[in-house]
Amino acid sequence: MKDEHRSGCPINLAVEVLGDKWSLVVIRDLMFGNRRHFRELLHRSEEGIASNILAARLQRLTEHGLVSKAADPSHKQKVIYSLTEPAIQLVPVLVHLAAWGRRHLPVTRELSIRAELLERGGPELWAEFMDELREQHLGIPRAEGAGSVFDRLQAAYEAELA
């Protein structure tokens, strides 16, 4: 990890970590696609990331504390990637970024439906989703009977595909 920064400006520092072409896409796939293995991230991304780029981004995100990796107990040669708390706290940022993209860029309906639902759901839904991500990625249990925001977003996406 780089010790020197261009400046101490919070926007500059965030861009130094997240401002390349692929980092937010990898976080998006971990967050909204629940893609936790290298192969899933490589082959199920709509953008077609190259394997060397994916490996470099995962390493960089791990070094910056946004992603962690652990041995997969079901397979000796696999690792499971997880979002860390700082990455989970990017949910509102990604919702706002997606809302801007929906308003100003030529998005497709099926790939923007999740963003639309999250934007409409507001901070309460974002908090529910972050709690669900904490359960999935950090093992922090949610309240009993909490519904799945991920399942609602996935169902809306699948309905748009149909």
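Visitor: In which helix does glutamate 124 lie?

Guide: This is a predicted model. Glutamate 124 belongs to helix H7, which covers residues 109–138.

Visitor: Why is glutamate 124 called exposed?

Guide: Its relative accessible area is 62%. Exposed means over 50%, so glutamate 124 qualifies.

Visitor: Why is arginine 44 called partly exposed rather than exposed or buried?

Guide: Arginine 44 has a relative accessible area of 44%. Buried requires under 20% and exposed requires over 50%, so a value of 44% is in between and the residue is partly exposed. Arginine 44 is in the loop between helix H3 (38–43) and H4.

Visitor: What makes Arg35 and Arg39 contacts of arginine 44?

Guide: Contact means heavy atoms within 4.5 Å. Arginine 44 is in contact with Arg35 and Arg39, once its neighbours within four places in sequence are left aside. Aspartate 29 is 15 residues from arginine 44 in sequence, and the C-alpha atoms of the two are 8.6 Å apart.

Visitor: Why does serine 82 count as buried?

Guide: Serine 82 has a relative accessibility of 9%. The limit for buried is under 20%, so serine 82 is buried. Serine 82 is part of strand S2, residues 79–83. With residues up to four places away in sequence not counted, serine 82 touches Arg36, Leu66, Val67, Ser68 and His137.

Visitor: How do you know that serine 82 makes a polar contact with arginine 36?

Guide: The side chains of serine 82 and arginine 36 approach to 2.6 Å. A polar contact needs a pair of N or O atoms within 3.5 Å, one able to donate a hydrogen and the other to accept it. The pair meets this definition, so the label applies.

Visitor: What makes threonine 84 buried, and where does it lie?

Guide: Threonine 84 lies in the loop between S2 and helix H5 (85–88). Its relative accessibility is 15%, and buried means under 20%, so threonine 84 is buried. The side chain of threonine 84 reaches the backbone oxygen of glycine 65 at 2.5 Å. Threonine 84 touches Gly65, Leu66, Val67, Ser68 and Leu138, again without residues up to four places away in sequence.

Visitor: Which residues of helix H1 are buried, and what do they pack against?

Guide: In H1, residues 10–18, the buried residues are Asn12, Glu16, Val17 and Leu18. The buried residues of H1 pack against helix H2 (23–32) and helix H4 (51–63).

Visitor: What secondary structure does the whole protein chain have?

Guide: The protein chain has eight helices and two strands. From the N terminus on, the order is α-α-α-α-β-β-α-α-α-α.

Visitor: Why is the protein chain called as compact as a globular protein of its length?

Guide: Its radius of gyration is 16 Å. The globule rule gives 15 Å for 162 residues, and the value is close to that, so the description holds. Buried residues make up 38% of the 162 residues. Among contacts with a separation of 6 or more, 53% join residues 24 or more positions apart.

Technical notes:
Residues are numbered from 1 along each chain as its sequence is written. This is a predicted model: local features need pLDDT of at least 70, side-chain atom pairs count only at pLDDT 80 or more; totals for chains, interfaces and linings use all residues. Side-chain values use heavy atoms; hydrogens and water are left out. Helices (H or I, at least four residues) and strands (E, at least two) are DSSP runs, numbered from the N terminus. Buried means under 20% relative accessible area, exposed over 50%, partly exposed in between (1.4 Å probe, protein chains only). The radius of gyration is taken over C-alpha atoms; the globule rule is 2.2 Å times the number of residues to the power 0.38.
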